[in-house]
Amino acid sequence: MDKSFVYGVAVTDYNFTGREEETRRLKQNFKNGINSILISPRRWGKTSLVNHVCQQMDDDNIIIVRLDIFGCKSDYDFYNALASAVLKQTATKNQLWMEEAKDFLARLTPRVNIPLDPTSDISLSLGITPETHRPEDVLNMVETIAQRKNRHIVVCIDEFQQVGEFENTKSVQATLRSVWQHHHLTSYCLFGSKQHMMSNIFLNRSMPFYQFGDLMWLEKIPTSDWTDYVISHFERAGRHISEQMVSRICETVELYPSYVQHLASIILNRTPEGDTATEELLPPSVKELISTNEALYMQQIEPLSGYQMNLLRAIVSGIHSGYNEKKVRMQYDLGSPSNLVRLRDALIERDIIYSEMRQLYITDPVFSLWFRQRFL
């Protein structure tokens, strides 16, 4: 049986709602061989959107390859992960993918890593190193496979911001761009959970990936798309909820997709079977939502300086600009104007705040509610 609401992980079709235009656009990019870049705050549903589109692709001439590179700490970690994913997911039969690997890449020394945790997946590295393979050899492999199979391949890479953490990252990015831009039967869908790093990679004119493809900046899913979805999930669970109550849920968490799902789930669980969710359920449900995430929020603020905390106090209090004004700096103890730039950049780098139209906002609306309760 499908769960009523899912949050914190990529969702399935039953728990996927909205994004009709983004789905249409991404499908067309996949079909037309156009590179795609997805940028948004964390937990806005990028992975769910990509998975949703991949499930809808019904063209036998297109092969989808998906991989998550969050665990990659260097460029050659990435090359091994990419090559393994491409070979596994394009091989005619799973048991033959190693044979195909030897066909496309010589001098392989595969290594199997069996984790101590029995719940973790066994990982396999092809043994690609700087001594055995040039980056171009590995990166061009997918295009060679596409040519031999006479099919188009779409490579979807999650947590792509990890590339920005590699040593000599600009050189690595330049290598990726220089190879990938010449691929005609392979296109790429790149997305990640750290908005500021993804923005730096793809929006900075001085970086190699500037204007690499169709950049899709995900917007919030509107209340109108949430309404029927939430109501239908309550009905299926033998409960009821009004449109007005759905609007209150969306308003409380500022349409943050993961939190709409989470808060709706809490309210559903607090509503007796056969009953209708009432306004009285909202305050204790929000309190539970905040409490559930408090450990994460404490972890986020633990390394912050006093000045950084003061800037957060100002933003949460509704001050979104004018921090250089003496009155604001004195009221919130923000230090000198030059110090403000460092404060802003440090908090943006941590994805705690974001800048829009030269104004600063808290990235996570529930973090903002928690911070207001604890520190104002």
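**Close-ups of a predicted model**

**View 1. Strand S5 and its partners.** Seven bridges link strand S2 (residues 62-68) with S5, and the two run parallel; strands pair if DSSP finds at least two bridges between them. Helices (H or I, at least four residues) and strands (E, at least two) are DSSP runs, numbered from the N terminus. Look for Asp 68, which sits opposite Asp 158 in S5. S5 also runs parallel to strand S6 (residues 186-191), joined by five bridges, and here Ile 157 stands opposite Leu 190 in S6.

This is a predicted model, where local features need pLDDT of at least 70, side-chain atom pairs count only at pLDDT 80 or more, and totals for chains, interfaces and linings use all residues. Residues are numbered from 1 along each chain as its sequence is written, and side-chain values use heavy atoms, leaving out hydrogens and water.

**View 2. S5 under cover.** Seven of the seven residues of S5 (residues 152-158) are buried, meaning under 20% relative accessible area with a 1.4 Å probe, protein chains only. On one side you'll find His 152, Val 154, Cys 156 and Asp 158; on the other, Ile 153, Val 155 and Ile 157.

**View 3. Helix H6 and what follows.** The buried residues of H6 (residues 141-149) are Met 141, Val 142, Glu 143, Ile 145 and Ala 146. Just after H6 comes Asn 150, with a positive phi of about 55°.

**View 4. H13 meets H15.** The contact (heavy atoms within 4.5 Å) involves Tyr 307, Gln 308, Leu 311 and Leu 312 of H13, plus Asn 339, Leu 343, Arg 344, Ala 346 and Leu 347 of H15.

Technical notes
Buried means under 20% relative accessible area, exposed over 50%, partly exposed in between (1.4 Å probe, protein chains only).
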